[in-house]
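Dear colleague,

Please find the structure below, followed by a summary of what was found in it.

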Amino acid sequence: MNAEMIKITEQFVKSILVDDRTGHDYFHIHRVRNLALHIGKIERSNLFIVEMAALLHDTIDDKIMDDPKGAIKHVTSFLHSNGVKSVDTQHIMDIITSLSFKGGNGVPMKSLEGRVVQDADRLDALGAIGIARAFTYGGIKGHVLYDPDIPLRESMTYEQYRYEQSTTINHFYEKLLRLSDKMNTEEGKKIAQQRHVFIEKYLLQFFEEWNGQL
Ligand code: ADP
Ligand code: NI
């Protein structure tokens with residue numbers, strides 16, 4: 001039953017995210033699912049909930065979906081109509097509605113499974129993939145690579161995080177380099193640390209080149 005449900009959910013998610021070009025395509029989902037299962041096993045969490053929430057985590061995101069409220073209803077009824085228990089549906093929906101970073105204004109995760117999936121999603125914003133995703137996102141939104149005259153924001157409202165123009169390099173400082181301190185699990189922290197160091201090295205060389213160092 002669970003294996004079948006996972007298969008059905010994969011198809012459901014693929015059909016929703018098929019056209020996404022903001023770094024939330026199905027390969028992102030695939031990586032997050034694998035990371036979440038890896039961490040979830042170590043944490044002895046409920047792997048069905050972890051896998052389902054990882055698969056569905058971006059299907060209600062307000063920057064991908066035009067109508068997030070409608071999307072929440074759509075995903076909930078998808079789960080119900082495929083026979084997922086109400087308590088599991090509630091748990092999965094709780095996780096995916098609280099997941100997003102939202103400029104640092106998100107709510108803490110209530111369950112272990114939620115903490116596991118949140119760590120997995122954050123890890124995919126770090127390291128080499130995280131750098132690639134940031135520049136892809138910045139390009140699509142028309143942000144400049146970097147501009148020393150645009151100051152870093154110490155904290156942001158949700159609206160500022162989503163809509164104020166900034167630079168992609170600023171995003172590294174405003175979000176990416178803050179993630180490793182926010183990790184929930186020990187395994188998540190360990191992987192984040194290594195990916196964080198990689199981003200720091202990248203920025204070091206970026207600024208050496210920016211400053212004309214040969
Ligand atoms: P969350 O849903 O956790 O708030 P996002 O969905 O906003 O996170 O981020 C998804 C991906 O897009 C991440 O890799 C993130 O770094 C990138 N991203 C989000 N906002 C920006 C931005 N302003 N500039 C560059 N990359 C961004
Ligand atoms: Ni995601």
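Arg-44 is exposed, at a relative accessible area of 75% (exposed means over 50%, buried under 20% and partly exposed in between, with a 1.4 Å probe and protein chains only). This residue lies in the loop between α2 (26-42) and α3 (47-56), and Arg-44 has a positive phi of about 55° although it is not a glycine. Most residues other than glycine have a negative phi.

This is a predicted model, in which local features need pLDDT of at least 70 and side-chain atom pairs pLDDT 80 or more, while totals for chains, interfaces and linings use all residues. Residues are numbered from 1 along each chain as its sequence is written, and side-chain values use heavy atoms, without hydrogens and water.

The protein chain has ten helices and zero strands (DSSP runs of H or I, at least four residues, and of E, at least two, numbered from the N terminus). Of its 214 residues, 48% count as buried. The C-alpha trace spans about 60 × 35 × 25 Å along its principal axes.

Helices α9 (residues 168-179) and α10 (residues 186-210) pack at an angle of about 160°, with their axes 12 Å apart. That makes α9 roughly antiparallel to α10 (an angle over 145 degrees). Their contact (heavy atoms within 4.5 Å) involves residues including Phe-172 and Leu-176 of α9 and Ile-199 and Phe-206 of α10.

Yours sincerely

Definitions and conventions: Chains lettered and ligands numbered in written order. Axes fitted to C-alpha atoms, helices over the stretch in contact; angles between N-to-C directions. Parallel < 35°, antiparallel > 145°, perpendicular 65-115°, else oblique.
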